[in-house]
Amino acid sequence: MTTDASARAIKPELLRTYTEDFNKDRANLIAADAAVSAGVLKAATDYRGVRALPRDFSIELKQGSITNQERSGRCWMFASLNTLRYELMHRWNLEDFEFSETYLFFWDAMEKSNTYLENVLRTLDEATDSRLFEAINWGPSDDGGWWQMFAALVNKYGLVPKSAYPESENSRNSDDFKQYLNSKLREFAAELRRRSVVGASEGELRALKDEYMGTVYRICAVSLGEPPEKFDFFARTKDDAEADADGKAESCKCEGKSDAKACKSDKPKTGKDERPQIREIGITPLEFYRKYVPVDVNDFVTLANAPLKNRPFNQRYRIRFSANVAEAGDMEFVNVPLDVFKKAALDQLTAGHPIWFACDCTQFALRKDGFFDQSVVRVDQLFGTEFTGDKAHGLEYGDSPSNHAMTFTGVNLGEDGKPNRWKVENSWGKDAGKDGYYVMSDAWFDRYVTELIIRKEYLDDATRALLAAEPVELDPWQPLTRRCR
């Protein structure tokens, strides 16, 4: 389209019309007063929408203390560990538990750095301004990720409790650490490409990469401290439990008996904590994961609901260059219709298991008050315009990509047996939402939740069969490839 400069400009006479129209509508003036004084979200909050989303749920899972990723992009890691800790707590009858997020954060930084340099070696013939290399080079070791990246780390490095490797200033606030790690990685990439141009062999380049990884380890260890190779683990079970020889917590065998004089609850109170103990001395992270986590991270599948014409439903997909652990392989997902997607979520929650999910947490959301619902955040009324984009539009145009991972820990079913709201465990601390929890309307679920991590046993037969199908490969810049932060 060719037009002259005057046709492309905002015309002064139109500006006069805009301001006249704005000022003659009383609703605009009231909206401006509210938004300028309180901000858009507060001014747009609809109390009727808030009242329509009570915080009680017909199906609700008892979780541990709320966690806090603070100023880091580790939501996917927190949501993953929150999913696993629920299973651990209820298997071993613990009041509370938290895994070390910093432990996996250390190894994720190492593995992403290695994979980035490997990807540089795979694309030596690509121009630095090619779309592929720009995607690879965008954030070499950035914080974000998906469940499958988490699973790859757990398979290789195991897990540790938070007491064995607590937070550091650079895990709480990761920007500075990752800024300089990324800068160094890009320097390494430039040198590998330069050496390739002057004739260095693949063996020479890979040896240089191994040398570079020593610097990466030093940066990670200085920033986070070295991770433990072995650690001691100590925990007490709940009052109504006993621990067997293997450390397993069991209910008191005296319960319900009329002659339960020997029951621990009938013993004289001495002030001593006599709850059964679980003790491990010098256990490795992999041993801890295999012994104490009662689920296998490989028994979960990524379901997506992406209603895009070029992403047909009932198909398995693989995203190129999406791995964090180089040898673990790229991220995969199965794209399914909304009814299949939602039924899997309901079946898993009803069976008593939380769900990792990804969404766009910024759309029609109240971070402080803890709501995800378009009927609560009435920016349409505030601005006097409808927001009509659907899920496909949001993905295709990059308006609502997955940018945050959280955990479903409850759902409320109406009289018709269908969900009308969902309970969400977040990782933004107790001061966000209602004591760290959010409520999500079912309509918001349909529109903005794009990924679920579902145990294979809760997939229907048709979806389970797709896991054996040959995946369609996607490029790393296409929809659903953005990492959750």
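Which element gives the most to the lining of the largest pocket? Helix α7 does, with 4 residues. The model is predicted.

## Pockets

The largest pocket has a volume of about 860 Å³. It is lined by 32 residues, and the closest to its centre are W138, P476, T481, R482 and R483. Two elements give two or more residues to this lining: α7 and α8, the latter spanning 131-137. By class, the lining holds 15 nonpolar, 9 polar and 8 charged residues.

The second largest pocket has a volume of about 500 Å³. Its lining counts 26 residues, with Q148, N298, F300, D330 and E332 the closest to the centre. Here the elements that give two or more residues are α9 (147-157), β6 (300-304), β7 (315-319) and β8 (332-335). The largest share comes from α9, at 6 residues.

## Helix packing

| Pair | Axis distance | Angle |
|---|---|---|
| α7 (101-122) and α12 (202-224) | within 10 Å | roughly 155 degrees |
| α11 (175-197) and α12 | within 11 Å | roughly 170 degrees |
| α2 (12-23) and α3 (26-38) | 6 Å | about 85 degrees |

Start with α7 and α12. Their axes cross at roughly 155 degrees. The cut-off for roughly antiparallel is over 145 degrees, so α7 and α12 are roughly antiparallel to each other. Their crossing is right-handed. On the α7 side, the contact is made by T102, F105, F106, A109, M110, S113, N114, L117, E118 and L121. On the α12 side, the contact is made by L205, R206, K209, Y212, M213, V216, Y217, C220, A221 and L224. These residues divide into 14 nonpolar, 3 polar and 3 charged.

Helix α12 also packs against α11. The axes of α11 and α12 cross at roughly 170 degrees. That makes α11 roughly antiparallel to α12. From α11, the residues that meet α12 are F177, L181, K184, L185, F188, E191, L192, R195 and S196. From α12, the partners are L205, L208, K209, Y212, T215, V216, I219, C220, S223 and L224.

How are α2 and α3 oriented to each other, parallel or perpendicular? The angle is about 85 degrees, and α2 and α3 are therefore roughly perpendicular to each other. D21, F22 and N23 in α2 meet N28, L29 and A32 in α3. By class, this contact has 3 nonpolar, 2 polar and 1 charged residues.

## D475 and its contacts

Where is D475 found? D475 lies in the segment after β16, a strand that spans 472-474. Its C-alpha is 6.0 Å from that of I319, although D475 and I319 are 156 residues apart in sequence. Leaving out residues up to four places away in sequence, D475 touches I319, R320 and T481.

T481, which D475 touches, is among the residues closest to the centre of the largest pocket. I319 is another contact of D475. The strand β7, residues 315-319, gives two or more residues to the lining of the second largest pocket.

How values were computed
Residues numbered from 1 in each chain as written. Predicted model: local features only at pLDDT ≥ 70, side-chain atom pairs only at ≥ 80, totals over all residues. Heavy atoms only, no water. Axes fitted to C-alpha atoms, helices over the stretch in contact; angles between N-to-C directions. Parallel < 35°, antiparallel > 145°, perpendicular 65-115°, else oblique. Left-handed = near helix turned anticlockwise from the far one by under 90°. Contact = heavy atoms within 4.5 Å. Nonpolar A, V, L, I, M, F, W, Y, C, P; charged D, E, K, R; others polar. 1 Å grid on protein atoms, 1.4 Å probe; cavity = no way out; pocket = protein on both sides within 12 Å on 5 of 7 lines; lining within 4 Å. Points joined across faces, edges and corners; volume = space filled by probe spheres on them.
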